[in-house]
Every structure is written in structure tokens, then in C-alpha cells.
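The following exercises concern the structure shown below.

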Amino acid sequence: MSMKTSQQPFKERIKVKMQDDVMRASVANAQERMFGNRARAADALGNWDDWRDMGASIRDHVLENLDYYLVQLSDKVIENGGHVCFAKTADEATAYIEQVAKQKNARSVVKSKSMVTEEIGLNQVLERNGIKVVETDLGEYILQIDDHDAPSHIVAPAIHKNRRQVQQIFADKLGYQGSDEPEELTRFVREHIRQYFVQADIGITGCNFAIAESGSIALITNEGNARLSTALPKTHIAVMGMERLVPTFKELDVMVSLLCRSAVGLPLTGYVTVLTGPKEADQLDGPEEFHLVIVDNGRSDILASEFKSILRCIRCAACANTCPAYRHIGGQSYGSIYSGPIGAVLSPLLGGYEDFQDLPYACSLCTACNDVCPVKIPLADLLLKHREVMANAKLTPLKERLTVGAFQLINKHPYIWQQSIRLGAKAANKMINNGDMRFKPQAVEEWHETRDLPHTSHESFRDWFAKRQNNGGSHD
Amino acid sequence: MTDSSRLQGRDAFLTALTQKLGRPTAAAPTAFYLPQQRQREVFQEYSLEQLKQHFVDYSRQNLGAKVIETTFDTLPQVIEQDALERFDEDSISLLIGTDARFPNSGAFAALDSRIQVKEWQPEEIREQQIACAEQAQIGVVFAECALVESGTIMLKSSKAQGRSISLLPTHSIFVIQQSDLLPRITQACERLHEQATQGHRLPSCVNFISGPSSTADIELIKVVGVHGPISATYVILTDQ
Ligand code: SF4
């Protein structure tokens, strides 16, 4: 899979997806849980806004000094006995990995979840060399064996499926005969995938953060698959987007604290694994060879643009978990491996307006995403900027632009819209009861009343809400 | 700055990057200060006893780990009991690291005859040791330190304690010295930072492990036990 996951036009995609009741129920359920988990974890830590400030300033400092830290990082990896490939394009990255795989006569590869390897279309390149590639993250594995179904969420990629569908896929593809209990399904995969870990010649992972001062990479997971992928195969290849680094362990602390809470609502995930170079000569397990592939693939263009702040992103998906548009149309509607607000901003930048011009319209500009982003990316503003850029470039006639987009479509179906608002209100009530109020569906309703393309007020959501309260706004 | 056989494409990559940044390659980073230091405030006022209590409660309630407090002398018996409670079989295979902080191997040789104790043998053949870990039901390792906030065990890979011991067996036993309880990942990262600052290469694998492995990929329902261990016991040595 490369970045683009669908050939259908956006309008068609959402029409189909909006009628998929299983998907809509699954996404709504997931969104509510993830939203609640994140909010509780942030509350438990306290001073969350200060933490976000720390996160944003670390990310900005890294972006400002990216060349310096990339030199330091790569020097350290070499010093530790590893290999480094700087890849300007997706093709350069995959060609390098292909070459390593050939050198190693690799016949099988285990992968742990990585967005950037999806982005560069690595699996197809390996597979056309006759190499068996096994995705070992449970969600990714479900999608892989379901004839490469597209991911619908950047953290929990198979969230659009329910247990019965997963049971059916396992039965069809793997001869599974058990129940639809998540526990039994999970155990089955555990047993089934073990052999691949033991046999694999190469383990391929992404990289949540590289640490420049020591030449290490940090992997943040729950399942243990990244550990297996990097303990058993003799070669480990880590692939990272070039901006995914921190200067020292001190900043890693802050970033990991923000990421784990924002992504899954935990102080730390099950495994935070920090890997430095290949294994030492006197150790038995661990890779004998370590390769770090640093990928630009359009990122330096973003760095020089007014969209620069999107490179702060740490891929937590909190924005998607908050987004009413995402809730309605589901992740696959975006037609990109990057879905939700982050996907709507990033996909046109990395993949071009031609393929992703509709995504900036999959947004009601309610700005709820701005308020949850752990590194304070002004997502809604960037989406508006996309619209501006496209308008200036006269990419499509204005009328056309106003009639495409998720919300315009929903507008034509009042029933669906009312239904969604009701579900949204239910979710919001729960959040109020849990003592954390970040998102009010009225924002959407208000937008809904205008029906036209709204202007951002450049007012933060909470300010808006506070003002509304002061003006005697209702509490429902 | 030239590319060696192990370094590819850096010069061209950086030239393109600095062009975008509109400046020559930086010789030093700009000054950086965190606007806040909130990470240092967490559990600052806690006594050691309070830290331990939080660690125990969180690990039990949130991670589903079993937590036992004991002393150094009774460690072998505690491990024996945990093994027998967990596995109702005639032969239980237990793999243990040879970290110097463990009691000497004689202490484990005298365990119940149903328990087959094997030590991690770094001089042996890699595949054999990995297979041994694969077949073991229990892996026992000594923790570097533990993080109170998140119920986390920190492990460093070493000759004496391979990565597989805490990864392949279905059940993990982590042994922790009470004096190694740290408030949160902040303090552990500080130690790693110090090591890096002094120019030492870090161990090839440092793991922060919070309970058994888990997933929520199906309907967002938490299932404990995926690719890593299915259960975990934390043993705190209160006299260490
Ligand atoms: S944009 Fe912010 S909220 Fe969205 S995934 Fe990235 S870091 Fe998380």
C-alpha cells in the first residue's frame, strides 16, 4: 500500500462509507473510548497545557535545527556500528532496503507497525522480490490478510471492523474455528505469528523518536511485536521520517509522556523500547546488523512552507479521535493512510493536491482538534490555509469546491446529520460527566446552521466556550 | 563530511535540506530551554513508602500484574511459589538471567523438582538459547530500576540477561530492588542522558516494560497477552 488507498472519487467514497453501519458504529465506539481515555490521562497528570507547551517547543526546536541533529544522529549510529541511509525520495528508501534484503538473501521479513513504510510503499517492493512480508501488529495483520484492506486510523488501523468480521476473516484466510471473543482471536494470532518471528531474516520497524545524542531509536508499542521484530532476526532496519527525532533523552521523556497519553490514555504503553545500534559482540540475541533509513519524501518542502508546524506531529491520532468529520465518514473515506485532521493536512502536502484536494473540506472548522493536539498544531488553520492555497491556484472552480466535501454531502441528508449530532451530544455528555470538557457538539451545530463555508474566528475552542458560558449559553 | 560505506546519501540530503532552511549547515544548535519543567514535579513530595504503594497499586489495578514484596533471602522460594501457582504441570521450565544481583545459582537448584531451572548461557549458540527461551514457560530477570507512575520495569540487555528471557516465555518474573524505585520515566531518562553525555555507548536494548503485553485492536477491547508475555509478576526486594 502506498499513501493513496483508493482510486474512487472522494464523493463516491463517503457515499459508500456513510451507508456502512458496522463501520459507523465501530468508529463511534472507538472514538468515544479513545477520547475519554486521553482526557482522563491528561487530567490525571495535571498541568496538561504546560506539557503541551513543552512538547510544542521541543518539536519546534528540532525543526529549527534539523540538519544539526541529523548529522549528530547519523554520526552516532555509525559510531555504534550501524548503517545509515539518507533517502530523499520514497524510491531511494525502498531501493536501499531492497538492496539490503538482497544482500542478506532474505526470504521473509517481519514488520511492526510503521506509517512511513506504508507511505513509501515498502511492502510491494519487497514482495515483488519474492520476499514474504508479515505485518505483526494485530490490527495491521487483520488488514493484510483481508486482501490488504486500507487502514482507517493511524493508531488502531482496523478499528472499522467488528469482532464478527475479524472472526470471519480469520476463518476464511487462516482456517480459524474459534469464537468471536477478542481474547480468543488474539491468542490465535499469537500462536500463528510466532513462527514468522523465529524464521524471519529481517525485522523492519518504524521509529517513534530517534535520539540524536546517542544514535538510538525509540519504539512505542503495546503488543510486544516490535520487541520480537528487533530481538530475533539478524538484521534490523528502522525507517524514520526525517523530523522524528529529539536531541536528548531529556526531551524523549516529555515526548513519550505526551504521546502515550494522547494515543492510548496511558502514562506509558506496554513497551517503550530504546534500541542503540546492532547488538554488542558478547550478547546473544538482538540484530547483528542495524540500518537506519531517514526519509525526506516531501518533508523538506513542508519545512520551508507555511505548513511547517504540521511536522511537529507525533502521530498520536488524538485529533482524529475528536473530529466530528472523522466520526461521520470513517478513516477509509480519506483515501490516504493518514486519516483524520492530521491526514487532511498532511496527505495533500506529501501526496499532492491532485489526489487529495477534497480532504481539506472534510472539516467543519470546529477547531476541536487544535485543542487536543499534544504539540499544539493549529490543524484547523492549516486546513483553511489549504483551501486558500487551492483557491489562489484556482485548482478547481469555486462552485465545485463548495459542493464536494463530507459536510456538504451530509447536509443533503438531514436525517443522517441529526442522527450524528445526537450521537455526538451523547458522547459529549459523557465527557462532561467525566469532568473534562473539550468538545461541544454545538460548535458543529452552529456551523451546520450557517451551511456556508464558514470563516474561522481564530478563537480557541475553549475561549469560545467560556464566552458562551458567560453569555448564559446552555449546558446541554 | 563524506559518505562512508556505512553512510549513504547524507551530503546531498543535507544540502537540499539547508537550502530549504535558507542557511548553511549549522555548526551548533540554537539555544534551547524548556518553557516549563513539569516532569520534575510528579511525585516530588512522595516518601519512598508512598512511592512503593503507588507502584504496587497501579501495577495491580491498571496492569493486572501480580506484585509480591519479599526479602533477598526468600527470593528463590517466592519464585518457586509463583511458578507453581501459575502452572499446574509436572514439568515447568524456568529460564533465568545470570545477573550478578541474583542469589547464586545454588539457591535456585534446590527448588521444587517440578521446576526445571535453566540459566541464560551467553557462550552457547544463539539459536539454541532462543529456542530454550521459546520453550520456557517462565522468564526471570533482574530490573535496572522501576517507574512508579506507570508501573514500569526498566531492563538493559546484557551478556548475562538476553532480550529473549523477558520476551518469549508466557510468564515474566521481574525482580526489583526497592531502592531502585524512581518516580517516573524522567529520572530514568536522566540516567541515560548522563551515560550518553559521558560518551558511553548505551546498551543495545533498553526496555521500559509495563505489565504483560496487550492489544486493543479488536473493538478497542483490551486483551492481555499478545506477542509478548501473557502474564507478569513483580517481586520487590524490600531489604535492597
Ligand atoms: S496532528 Fe497533533 S493530534 Fe493529530 S496526530 Fe499529530 S500530534 Fe496527534
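**Exercise 1.** Determine where B:Phe174 is placed, and state whether B:Phe174 counts as buried or exposed.

*Solution.* Step 1: B:Phe174 belongs to strand E8 of chain B, residues 171–177. Strands (E, at least two residues) and helices (H or I, at least four) are DSSP runs, numbered from the N terminus. Step 2: the relative accessibility of B:Phe174 is 2%, so B:Phe174 counts as buried. Buried means under 20% relative accessible area, exposed over 50%, and partly exposed in between (1.4 Å probe, protein chains only). Step 3: leaving aside residues up to four places away in sequence, B:Phe174 touches several residues, including B:Val141, B:Ile153, B:Leu155, B:Ile209 and B:Tyr234; contact means heavy atoms within 4.5 Å.

The model is predicted: local features need pLDDT of at least 70, side-chain atom pairs count only at pLDDT 80 or more, and totals for chains, interfaces and linings use all residues. Residues are numbered from 1 along each chain as its sequence is written, chains are lettered from A and ligands numbered from 1 in the order in which they are written, and side-chain values use heavy atoms, with hydrogens and water left out.

**Exercise 2.** Characterise chain B as a whole.

*Solution.* Step 1: chain B contains 6 helices and 13 strands. Step 2: its C-alpha trace spans about 70 × 50 × 45 Å along the principal axes. Step 3: of the 240 residues in chain B, 55% are buried. Step 4: among contacts in chain B between residues at least 6 apart in sequence, 72% join residues at least 24 apart.

**Exercise 3.** Describe the setting of A:Arg52.

*Solution.* Step 1: A:Arg52 lies in helix H3 of chain A, residues 48–64. Step 2: A:Arg52 counts as buried because its relative accessibility is 4%. Step 3: a polar atom of the A:Arg52 side chain lies 3.4 Å from the backbone oxygen of A:Asp371.

Note on methods: Polar contact = N/O pair within 3.5 Å; in protein donor to acceptor, adjacent residues only side chain to side chain.
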